[in-house]
Amino acid sequence: MAVEHPVTVPSGDQTRIHNIGYRTYDGPRLGRSYATRSLYSQSLRGAYGLGRSVKSKVLPMLLFVVMCVPAAIMVAVAVATKAKDLPVDYTRYAIIMQAVISLYVASQAPQSVSRDLRFKTVPLYFSRPIETADYVRAKYAALASAMFILTAAPLIVLYVGALLAKLDFADQTKGFGQGLVSVALLSLLFAGIGLVIASVTPRRGFGIAAVIAVMTISYGAVSTLQAIADTQGSSSAVPWIGLFSPVTLIDGLQSAFLGANSAFPGAVGPSNGEGVVYVLAVFGLIAACYGLLMRRYKKVGL
């Protein structure tokens, strides 16, 4: 607490010097790594509304429940009917629920970065030891982690239910592992795209609308073109058209290398050679999103 200590001066001089007693900080300085970890943890908590108002928790928690409920129903049916396999493969679940996943990233990507732009707090971050790369890595990792939790949780429900239903342990473990790889790549890709779009505008509403538009329009356009190509007998073009949508990119990659059944028209997934192109496209997009975020925040931090 600041304490005022008047200093005695000659009576003829009206000048007064006040020592208000501020102390310098002499404790430990935890540095960039601690600041980056703190920003990551706070951003991850914010992606589910933790530490924020009740209103902020409603949508992310609701979407989390919506993601898990169908998996729980499938497990209940499998156990009750003593089925020999789950109704849906682990690698297919996220593709089926892609609308919910897109809505989640559309709602939380702007929450993660648009608020900082709107209230001009980004320069304040950079006035501390934290640097542009630290900020981008923390925000990217936080949203990707939040999305991985969202997409991996129902797979865990399916896996536990499969074991309770006494399905083959080796087959279920293999499928579960393949599903985790698939949703990890999906989380990285969707988080990057969502953050790049949201970082363009400080208006959260505009960011939400833009992310939804990119995700839904690209998937709808690609699916339509694939259906037309398949109907006209150009099935060889179907895998190449799938390169132009985030959802179909993940679908094609997992059908080529993770043993998943393709959702493409006619179930014509990419071959192993075409799958290499899908791998390069996915990792290239992830790297491009990171690079665009770095360029964006270097300008903002000036």
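Modeller: Before we start, rings of Phe, Tyr and Trp (its six-membered ring) count as a pair if their centres lie within 6.5 Å. Keep in mind that this is a predicted model.

Colleague: Okay, which residues do ring pairs link into a cluster?

Modeller: By that rule the count comes to five aromatic pairs. Some of these ring pairs join up into a cluster, and its members are Y48, F64 and Y104.

Colleague: And what kind of pair do the rings of Y90 and F176 make?

Modeller: Planes over 60 degrees apart count as edge-to-face. The centres of Y90 and F176 are 6.0 Å apart and their planes sit at 70°, so this pair is edge-to-face.

Colleague: How many residues apart in sequence are the parts that Y90 and F176 tie together?

Modeller: Both residues, Y90 and F176, are buried. Y90 belongs to helix α3 (residues 90–96) and F176 to helix α7 (residues 169–198), so the parts tied together are 86 residues apart.

Colleague: Switching to charges, is D134 buried or exposed?

Modeller: D134 meets R32 in a salt bridge, 2.8 Å from N to O. R32 sits in helix α1 and D134 in helix α6, so the pair ties together parts 102 residues apart in sequence. Buried means under 20% relative accessible area. D134 comes in at 3%, so it counts as buried.

Colleague: Which residues do salt bridges with shared partners join into one network?

Modeller: R32 has the bridge to D134, and R32 also forms one with E131, where the closest N and O atoms are 3.7 Å apart. Through shared partners, the network takes in R32, E131, D134 and R137.

Notes. Residues numbered from 1 in each chain as written. Predicted model: local features only at pLDDT ≥ 70, side-chain atom pairs only at ≥ 80, totals over all residues. Heavy atoms only, no water. Phe/Tyr/Trp six-rings, centres within 6.5 Å; stacked < 30°, edge-to-face > 60°. Helix = DSSP H or I, 4+ residues; strand = E, 2+ residues; numbered from the N terminus. Buried < 20%, exposed > 50% of the residue type's maximum accessible area, 1.4 Å probe, protein only. Salt bridge = Lys/Arg side-chain N within 4 Å of Asp/Glu carboxyl O.
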